[in-house]
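Here is a friendly walk through one model, with its pockets, rings and charges taken in turn. Have a look at the structure first, and then we can go through it together.

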Amino acid sequence: MTDAPATAGPDSRQFEIESFKRAIRKLYDLKEKAWAAGDAESIVTKFYSPDAISVGEGDPNTMVGRDQFRAAYRQYVKDVPSIRIESVRTYVNGNAGWDWANFYSHPKPDKKSLYPPSPIRILFTWAKENGRWVCKGDIFVNGKFPKLP
């Protein structure tokens, strides 16, 4: 789903959305692989922007910026050996976009009480900066998206 400028034809709108989907899928793959490898630093510096924000249901903290993300992700990758991100609905217009997704996590048995039940519904926000897409932040709530039209 995309709302491209009125001057763009259907082909260019479709190209824009497909290009964006491919780019963020590569970043989701990077995040999943880095997470499985326990590599918090790659997640923080290659997935998120320096000024990213994250907030979610049941989490009293709002993370802002790489220092806070770094501290959190160092713990996350220890407690949760693997994750999977499933894109559900995508929007892009120029250098900005977002993606609704299901986020699946598998915490270690003794850490399950520290994390929301899996999956969660998450909204990733994106900006194209210096020619590359970067996540500007995310917000999450409990539950899973069904297949959307």
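Is E32 buried or exposed? With a relative accessible area of 16%, E32 is buried, where buried stands for under 20% relative accessible area, exposed for over 50% and partly exposed for what lies in between (1.4 Å probe, protein chains only).

## Ground rules

This is a predicted model, in which local features need pLDDT of at least 70 and side-chain atom pairs count only at pLDDT 80 or more, while totals for chains, interfaces and linings use all residues. Residues are numbered from 1 along each chain as its sequence is written, and side-chain values use heavy atoms, with hydrogens and water left out.

## Salt bridges

Let us stay with E32 for a moment. Its partner in a salt bridge is R25, and the closest N and O atoms are 3.1 Å apart; the term asks for a side-chain nitrogen of Lys or Arg within 4 Å of a carboxyl oxygen of Asp or Glu. R25 counts as partly exposed, at 29% relative accessibility. Seven salt bridges turn up in a search of the whole structure.

Another one joins D51 to K136, with 2.8 Å between the closest N and O atoms. Here the partners come from distant parts of the chain, since D51 sits in strand β1 and K136 in strand β6, 85 residues apart. Strands (E, at least two residues) and helices (H or I, at least four) are DSSP runs, numbered from the N terminus. D51 is partly exposed at 45% relative accessibility, and K136 is partly exposed with a relative accessible area of 23%. K136 also forms a salt bridge with E129, this time with the closest N and O atoms 2.9 Å apart. E129 has a relative accessible area of 30% and is partly exposed. Shared partners also join salt bridges of R25, D29 and E32 into one network.

## Aromatic rings

A pair of aromatic rings is described by the distance of the centres and the angle of the planes. The rule used here takes rings of Phe, Tyr and Trp (its six-membered ring) with centres within 6.5 Å, and calls planes under 30 degrees apart stacked, over 60 edge-to-face and the rest tilted. The count comes to 18 aromatic pairs. In one of them, the ring centres of W35 and Y73 are 5.5 Å apart and the planes stand at 80°, so the pair is edge-to-face. W35 belongs to helix α1 and Y73 to helix α3, so this pair links distant parts of the chain, 38 residues apart. Both W35 and Y73 are buried.

W100 and F145 make another edge-to-face pair, at 5.7 Å centre to centre and 75° between the planes. Since W100 lies in strand β4 and F145 in the segment after β6, the pair ties together parts that are 45 residues apart in sequence. W100 is partly exposed at a relative accessible area of 33%, whereas F145 counts as buried at 15%. One aromatic cluster includes W35 and Y73, along with Y28, F69 and W126 among others.

## The largest pocket

The largest pocket has a volume of about 580 Å³. On a 1 Å grid over the protein atoms alone, a pocket is an open set of points where a 1.4 Å probe fits, with protein on both sides within 12 Å along at least five of seven lines, and lining residues have an atom within 4 Å of a point. Its 31 lining residues include D59, Y76, Y115, P116 and F140, the closest to the centre. Helix α3 gives the most to this lining, with six residues.

By class, the lining divides into 19 nonpolar, seven polar and five charged residues. Nonpolar covers Ala, Val, Leu, Ile, Met, Phe, Trp, Tyr, Cys and Pro, charged covers Asp, Glu, Lys and Arg, and the others, Gly among them, are polar.

## The second largest pocketThe second largest pocket has a volume of about 160 Å³, a volume being the space filled by probe spheres set on the grid points, which are joined across faces, edges and corners. Among the residues that line this pocket are Y104 and F145, together with E86, R89 and K147. The largest share of the lining, four residues, comes from β3. Its classes are six nonpolar, two polar and four charged residues.
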